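Here is a short report on one protein chain. Please keep the sequence and the structure in view while reading.

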Amino acid sequence: MRVPSGTYAPRIRRFRLPRLCVAVASDDIATMSERAESLVRDNPFLELRLDYLSQPLAALPKLKSLIETHPDVTFIATCRRAVNGGKFKGSVAAELAVLRRAADCGFPLVDMELQTAEALKSSELSELYDRAGMIISHHNFRSTKHLHEQFAAMTKYPADFYKLVSTATSLHDNVVMMKFLEANSAKHEMVGVCMGEQGIISRVLGVRAGSVFTFGAATKGEETAPGQVPATELRDIYRIEMVDQATQVYGVVGDPLSHTLSPVMLNAAFRRESVNAVYLALHAKSMKDLLACVHDIPIRGLSVTMPYKQEILAALENSDPLTRQIGACNTVVRSADGKLYGFNTDVAGIVVPLQQRMSLAGARVLIVGAGGAARAAAFGLKAKGAEVFIVNRTPPKGQALARQAKVKYLKRADIAKQEFDVIINATPVGMNGNKHSPLEEKELNTKFLFDLVYNPAETRLITMARAKNIQVIPGLEMFVQQGARQFEIWSGKPAPLAEMGYVVTKALERQATQAAEAHETPAKRPAAGKAVKKASKAVRRT
Ligand code: NAP
């Protein structure tokens with residue numbers, strides 16, 4: 001239905017909009033319509049990126065029936081020009097023609113870049129504003145700077161929503177965006193988000209700082225902006241519709257952090273136990289950036305991973321004796337007055353799965369490695385009365401740890417001559433595509449093998465151990481146990497271990513299938529799934 005010129009578009013109000021808008025992009029109108037059709041059932045708010053289409057103007061009549069068939073869905077039409085970071089090669093006048101036609105086809109909202117608004121006559125702009133709800137946008141693909149200036153320029157033009165999209169080059173850029181939203185969202189209807197991997201905080205927490213909605217990708221691989229999170233993740237893992245002022249913020253901090261499964265596991269635990277909390281992946285490139293963010297957001301607790309487990313100690317007000325002894329902290333609690341307290345739950349992650357299978361007093365345990373995880377194992381197992389041995393690629397480091405933890409150092413050449421109750425792999429050998437083993441088959445003289453690597457579920461070392469009928473303890477058990485202790489420290493509630501194990505298992509299965517599809521022959525896919533299932537069975541038994 002064409003809106004006659006001179007009628008006024010019903011103004012879109014924030015309370016009518018869901019918090020999550022899913023971006024749909026395709027260069028072909030049939031695919032775009034099909035994708036939109038398949039998404040509308042779960043997503044009543046879609047942005048159609050008309051600029052991805054080769055002929056957007058010609059395609060619009062086809063989208064009209066889509067809009068008419070789904071009167072409960074709010075559609076945004078966007079036709080961003082290439083100079084503004086979109087795909088549309090046409091002129092400002094051509095963009096205007098597309099947006100006008102989109103309004104006439106029934107799109108309730110159109111999105112126009114500030115530079116386009118600046119290039120139009122005010123009569124052209126108000127005529128479009130009369131036909132459809134209007135979003136004026138500004139995108140900065142490099143930084144999060146000059147938000148006030150950009151916003152001042154935008155508010156010269158009539159719009160229903162002002163959308164500022166910047167790029168986070170640090171975690172603190174999210175704080176800048178959220179403070180900006182807090183300061184301005186009472187006066188204007190705003191949308192604010194930081195792009196980039198480090199913009200995750202603003203994508204989840206922006207809505208509680210005043211962003212009327214946020215954007216999500218249709219699926220992984222269908223992102224229309226860097227760092228966009230799939231809509232199902234925002235909804236199911238981060239529970240975006242529930243985030244409010246009272247939501248406590250937790251996160252895992254590390255660098256790099258792209259493959260972490262901690263958000264999947266801890267968010268599932270919070271959801272299961274009805275804790276109003278959200279847990280984010282915080283890719284911090286420096287400790288200074290992290291600490292500024294922790295205090296400004298404020299973050300209630302952190303899981304700390306490589307390379308910050310030692311560096312974080314200097315920022316702690318206090319820590320438990322074992323953490324001090326080990327010299328590494330993987331869990332932080334922030335008190336109401338902003339002070340940080342440290343714990344080490346890696347110890348429980350190693351000790352608990354072993355105690356469930358044996359008495360540790362007098363057990364002969366060989367630890368391979370002398371890094372953070374090996375330190376947790378050495379001090380934790382020694383405290384339980386085990387007879388601990390260490391071997392390490394760089395002997396002086398292993399010898400130093402052995403001295404500090406008051407355990408024995410073994411030369412690599414002597415391992416094959418010894419018998420152990422447990423061998424623990426505390427090196428990254430076997431992790432993420434590494435097909436090697438830190439030990440040779442003849443060195444595996446042990447009843448149990450505990451491989452701390454949990455991704456992939458089946459490492460070469462584990463395969464070698466199974467072939468020798470050695471009982472395997474998968475790294476997944478440590479991952480779930482250390483996360484469970486973190487949950488208990490933060491929430492004061494018992495951790496839902498079964499749920500945590502289940503969601504991590506499912507996530508590993510998905511990753512294994514995707515990896516198999518990407519790199520291997522179909523025949524190898526079932527094997528990848530089986531390996532994860534074996535690991536998950538072990539977790540369920542605990
Ligand atoms: P880290 O502090 O970096 O220590 C790594 C250790 O592995 C060092 O002793 C290093 O020896 C040794 N190493 C590295 N590459 C090696 C190689 N190619 N061959 C032989 N030794 C090698 O790491 P971390 O934090 O202790 O983590 C170690 C492993 O435990 C990682 O795979 C990690 O994923 C796993 N982990 C698992 C969990 C879990 O929840 N399942 C939790 C924590 C850690 P040098 O001294 O010679 O450098």
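## Overall picture

The model is predicted. The protein has 542 residues, and 57% of them are buried. Its secondary structure comes to 20 helices and 20 strands. The C-alpha trace spans about 90 × 55 × 40 Å along its principal axes.

The accessible surface is about 22,900 Å². Carbon and sulfur atoms hold 53% of that surface. Side-chain charges count 70 positive and 53 negative. The centres of the two sets are 5 Å apart.

Eight strands form an open sheet in the order 7-6-5-4-3-2-1-8. The pairing is parallel. Strand 7 (190-195) and strand 8 (214-217) are the edges, each pairing on one side only. From one strand to the next, the twist averages 25°.

What joins strand 8 to the sheet? Strand 1 (residues 20-24) pairs with strand 8 in the parallel sense, over four bridges. Within this pair, Cys 21 has Phe 215 of strand 8 as its bridge partner. Strands of a sheet pair through backbone hydrogen bonds, either parallel or antiparallel.

## Helices on the sheet

Helix 1 (residues 29-40) packs on the sheet. Helix 1 touches strand 1, strand 2 (45-49) and strand 3 (74-78). The direction of helix 1 makes about 170° with that of strand 2.

Asn 43 sits in the loop between helix 1 and strand 2. Is Asn 43 buried or exposed? Its relative accessible area is 6%, under the 20% cut-off, so Asn 43 counts as buried. Leaving out residues up to four places away in sequence, Asn 43 touches Val 22, Val 73, Ala 231 and Arg 235. Of these, Val 22 falls within strand 1 (residues 20-24).

Arg 49 lies in strand 2. With a relative accessible area of 3%, Arg 49 is also under the 20% limit and therefore buried. Which residues does Arg 49 touch, not counting those up to four places away in sequence? They are Val 24, Ala 25, Met 32, Thr 78, Arg 80, Gly 86 and Thr 224. Met 32 belongs to helix 1 (residues 29-40). Thr 78 belongs to strand 3 (74-78). Pro 71 is 22 residues from Arg 49 along the chain, and their C-alpha atoms are separated by 19 Å.

## Strands 9 and 10

Strand 9 (residues 248-254) and strand 10 pair in the parallel sense, over seven bridges. Val 249 stands opposite Val 278 in strand 10.

Note on methods: Residues numbered from 1 in each chain as written. Predicted model: local features only at pLDDT ≥ 70, side-chain atom pairs only at ≥ 80, totals over all residues. Heavy atoms only, no water. Pairing = 2+ DSSP bridges. Helix = DSSP H or I, 4+ residues; strand = E, 2+ residues; numbered from the N terminus. Axes fitted to C-alpha atoms, helices over the stretch in contact; angles between N-to-C directions. Contact = heavy atoms within 4.5 Å. Buried < 20%, exposed > 50% of the residue type's maximum accessible area, 1.4 Å probe, protein only. Areas by Shrake-Rupley, 256 points an atom, 1.4 Å probe, with all protein chains shown as cover. Lys, Arg positive; Asp, Glu negative; His and termini not counted. Charge placed at Lys NZ, Arg CZ, Asp CG, Glu CD.
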